[in-house]
Amino acid sequence: MMSAQLQQPGNAGVQLTAVGDVSSDTAGPSGTMQPNPPAEPLRNRAQDSKSPYVRTHSDSLVAWQLLDDDAVDRAKRENKLIFLSIGFLASHYCHLTRQESFSNHKVASLLNENFVPILIDREERPDLDNIYMSYNQSLSGSGGWPLNVFLTPELEPVFSGTYWAAPGIQDDVTSVNNGVERPLDWLVVIKKVLASWMDEEPRVRSEAKKMVVELSHISAEGTLNHSGNDLLQLATSSSQVESTTATVDYSREVYGEVDLDQIEEAYERITRTFDAMFGGFGVVDKFLTSAKLSLLMRATRFPKVVQDVVGPNDCDYITGMGLHTLRRIAAGAVHDHIGGGFHRYSVTRDWSLPAFEKMLIDNALLLGLFLDAWLLSGGTKNGEFADVVIEVADYIIGERILSRHGGFYTSEAADSYNRKGDKVMRNGAYYMWTRKEFDTIVGDEQDREIAATYWNVHEHGNVDREYDPYDEFLNQNALHIVKNSARLSQQLGISEDEVKQRIGTAKEKLRLYREKERVQPDVDTKIVTAYNGMAIAALTRTALALLHTSTDATEQGKKYLEVAKNAALFIKKELWDDNKKILYRVYSDGRADIEGFAEDYAYLIEALIELYQGTAEESWLEWADELQTLQIKHFYDHPTPTPTTANARCGAFYSTILGAPYTLLRIKDAMDTSQPSTNAVSVSNLFRLGGLLGDSKYTYLAKESVNAFGVEMLEHPHLFPGLLCGIIPWKLGGSHWIAVGTPASVKLAEFHKETRAALCTLRYQNPRTSDSWLARRDRRAASFPREDGVYALSPDGTYRRVDK
């Protein structure tokens, strides 16, 4: 659970000491600097937004503004601080803040009269969220949402925090409860920030500017590993563009210090934080960390030279860590055992109590992980993890997440009404059960006893008081498996098939009751390009693995592939402007005027590569190639002869375009968090496209991008699991197959049922077509074999038949 404690900023920003009188109901500090009187009262503009999250604040007492010139100019004109709140619809704490604090007359009055309050959906503007979250973490070492930041009219951060207590809970930071400092509430925070601004505006402005400089240093990843003059020259104008003035020889090698040894060191450091009992990493607030788990599960599938560096026995243990974690996640309460899909993270070490948000990104990334786990375990129809793979895929293409237009919605909220007619939403209400309710719904005595033992359902609930200090989950049960069907079979003296049948019966009754009697959580109906790319890629891989497993799985595979293709077509129709060559980020009752970020290009390109390799339809590869060219044009840090404030000449991708609106800094995203970093995905795409198209530029830029983070990776390799995977194709190359004509499917099945580890591509070639786009794009096409079959490209440039 995120901290509710007020972050003290030390020597930067506003000092929240006792300034002025903060005990009265309205702020009234006097000082030398006073805001100018407003021209007219603010009106709530939340309804004007396309974001479902922002629109939920349409009836708020706070007069929310959108981030645009009108709001920023007003702050400058009236010399007021901006109060910026960043959140997302699914978040419990964002809902709680809206319900407790933004509906409070005193809070609203203070914000409306003394600040320009602006509301942002973090999923629409991840760039701003990243910058101001870095600021918040620099103050407190923690983060979370809502992220509330006070800014100068020039958007420089003054003070920030996440979830603050509702008004009236605490009046003074110095008060204690049993010797423990209690959190400040909203009124105290607002009044003290306002007092500092009115009394000491010059100091506040000066320290905010210094903090922006500090943030640029904190966020300097990917700008340190270049040669020559390290000092960034000031841009001659704000419209300065990046350009390369010298011709680059893309056939030459890229040299850098990072090597395979960093993979071994990363594994060693990750192992130190591994929870051997419950899986995952750390003790509480266990996130799903897909990139880290993926690196673990690749260990036994990396090339032999990599396994020799790490140690073959160690590789078995490392992959076992990943599999053990996935087993615990699947059994835990972070897994919705009744309706399918997974929640955002676990509050507890043992995965027994989740944060109840259900996000598309988490489920898409977990689908890829469970798919690899299933393939590592044999990939058979009834093999371990097979049921989880199907369940997650079905959740993603279900009516809650898949829109009628073809794209995927963003999330389901944590809070909902427990029953129809309730007035107040509760956290996790849709997913929790009392024992009495559980028994009544399941009915049959033996069924309910078996199911209750299986899912750890108790009369007084199964949530530890340590994690429920306010009795939010009193007598409630979060379903999680504590005794599997094999143990229950042995304990009860009945067959395992009977145990499974009885649990299945109970599950179906609970599902039907939940859908009929409970109010489903709100769905964030935004369709985000990057998140859809993740889902398309995962579904395509799943579809192809199933299509090559058994005839029973064929229909499911076809269904998943069709949904994935339709989602890609939706993105192309609604979020891609082919005339202007612009990719947009968000569709919500129409296209939002937000151009795509580097991550939107990266994840969509990855999805299109998967679609091409799964369908042999070269139109997907053609679009991927076009988008890759644009991503390089708009976001790549080209090694120009002279570094500038716009370009550190190190390689790799910035998250935003040059001159992105209302953005203080240009940042390169490389450290993997709950989702793989933009640069990790982009490097993978460049290596794959380089192999598929025979394009040495793409391969060169992939190596250069990995090398851009060499300084950081040498020091903290475990923070870059995604980029570490790029070291292997850089140093060892990859495996590139060409399917000529219509070869037998046995070898293709081998490709589609292999877990993701080192670089491996599958290129299709029709020997009877010489004028296709792909034949023109790839200069190697004329030298490809002409006899039907599957061939591997050898190091000497020749082709070896591999399907005989």
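Let's start with one residue. Arginine 514 lies in helix α16, residues 496-517. Is arginine 514 buried or exposed? At 4% relative accessibility, arginine 514 counts as buried, because the cut-off for buried is under 20%. What does arginine 514 touch, sequence neighbours within four places aside? The contacts are Asp336, Ile338, Gly339, Tyr430, Tyr431 and Trp433.

A word on the source. This is a predicted model.

Now the overall picture. The protein has 804 residues, and 59% of them count as buried. There are 26 helices and 24 strands. Take the contacts with a separation of 6 or more: residues 24 or more positions apart account for 70% of them.

Next, the cores. The largest nonpolar core has 212 residues. Which residues have the most contacts inside that core? They are Tyr132, Phe150, Leu326, Phe370, Phe408 and Leu539. Helix α6, residues 186-218, gives the most to this core, with 14 residues. There is also a second, separate core of 18 residues. Phe438, Tyr454, Trp455 and Val457 are among its members. As background, nonpolar side chains tend to be buried together in soluble globular proteins.

Stay with phenylalanine 370 for a moment. Leaving out neighbours within four places in sequence, phenylalanine 370 contacts Leu326, Ile329, Ala330, Phe342, Phe385, Val388 and Val389. Two of those names, Val388 and Val389, come back in a helix pair, where Phe370 of α11 is listed with them in α12.

Helix α11 covers residues 360-376, and helix α12 covers 386-396. They pack at an angle of about 155°, with their axes 9 Å apart. Angles over 145 count as roughly antiparallel, so α11 and α12 are roughly antiparallel to each other. Their crossing is left-handed. On the α11 side, the meeting residues are Leu360, Asn363, Ala364, Leu367, Phe370, Leu371 and Trp374. On the α12 side, they are Ala386, Val388, Val389, Val392, Ala393, Tyr395 and Ile396.

On to the sheets. Four strands form an open sheet, in the order β2-β1-β3-β4, with mixed pairing. Which strands stand at the edges? β2 and β4 (157-161) do; each has a single partner strand, so one side of each is left without a neighbour in the sheet. On average, neighbouring strands of this sheet are turned by 20° against each other, direction ignored.

Let's walk through the pairings. β1 and β2, residues 115-121, pair in the parallel sense over seven bridges. Phenylalanine 83 has proline 117 in β2 as its bridge partner. β1 and β3, residues 147-151, run antiparallel, joined by five bridges. There, isoleucine 86 stands opposite leucine 147. β3 and β4 are also paired in the antiparallel sense, over four bridges. Leucine 151 has proline 157 in β4 as its bridge partner.

Two helices touch this sheet. Helix α5, residues 126-140, packs on the sheet and touches β1, β2, β3 and β4. Its direction makes about 80° with that of β4. Helix α6 lies across β1, β2, β3 and β4 as well, running at about 120° to β4.

Why is β1 largely enclosed by the rest of the structure? Seven of the seven residues of β1, residues 81-87, are buried. In a regular strand the side chains alternate between the two faces of the sheet. In β1, Leu81, Phe83, Ser85 and Gly87 point one way. Ile82, Leu84 and Ile86 point the other way. All are buried.

A three-strand sheet, briefly. Its order is β7-β8-β9, open, with antiparallel pairing. The edge strands are β7 (286-287) and β9 (354-355), each pairing on one side only. β8, residues 345-346, pairs with β9 over two bridges. Serine 346 stands opposite proline 354 in β9.

Last stop: a loop. Asparagine 462 lies between α14 (445-455) and β15 (477-478). Its relative accessible area is 14%, so asparagine 462 is buried. What does asparagine 462 contact, beyond neighbours within four places in sequence? The partners are Trp455, Asn456, Gln476, Asn477, Ala478 and His480. Asparagine 462 and glutamine 476 are 14 residues apart along the chain, and their C-alpha atoms are separated by 6.7 Å. Trp455, one of these partners, is also in the second core.

Notes
Residues are numbered from 1 along each chain as its sequence is written. Side-chain values use heavy atoms; hydrogens and water are left out. A nonpolar core is a set of buried Ala, Val, Leu, Ile, Met, Phe, Trp, Tyr and Cys residues joined through side-chain atoms within 4.5 Å. Buried means under 20% relative accessible area, exposed over 50%, partly exposed in between (1.4 Å probe, protein chains only). Contact means heavy atoms within 4.5 Å. Two strands pair if DSSP finds at least two bridges between them. Axes are lines fitted to C-alpha atoms, for helices over the stretch in contact, and angles run from 0 to 180 degrees between N-to-C directions. Angles under 35 degrees count as roughly parallel, over 145 as roughly antiparallel, 65 to 115 as roughly perpendicular and the rest as oblique. A crossing is left-handed if the near helix is turned anticlockwise from the far one by less than a right angle, and right-handed if clockwise.
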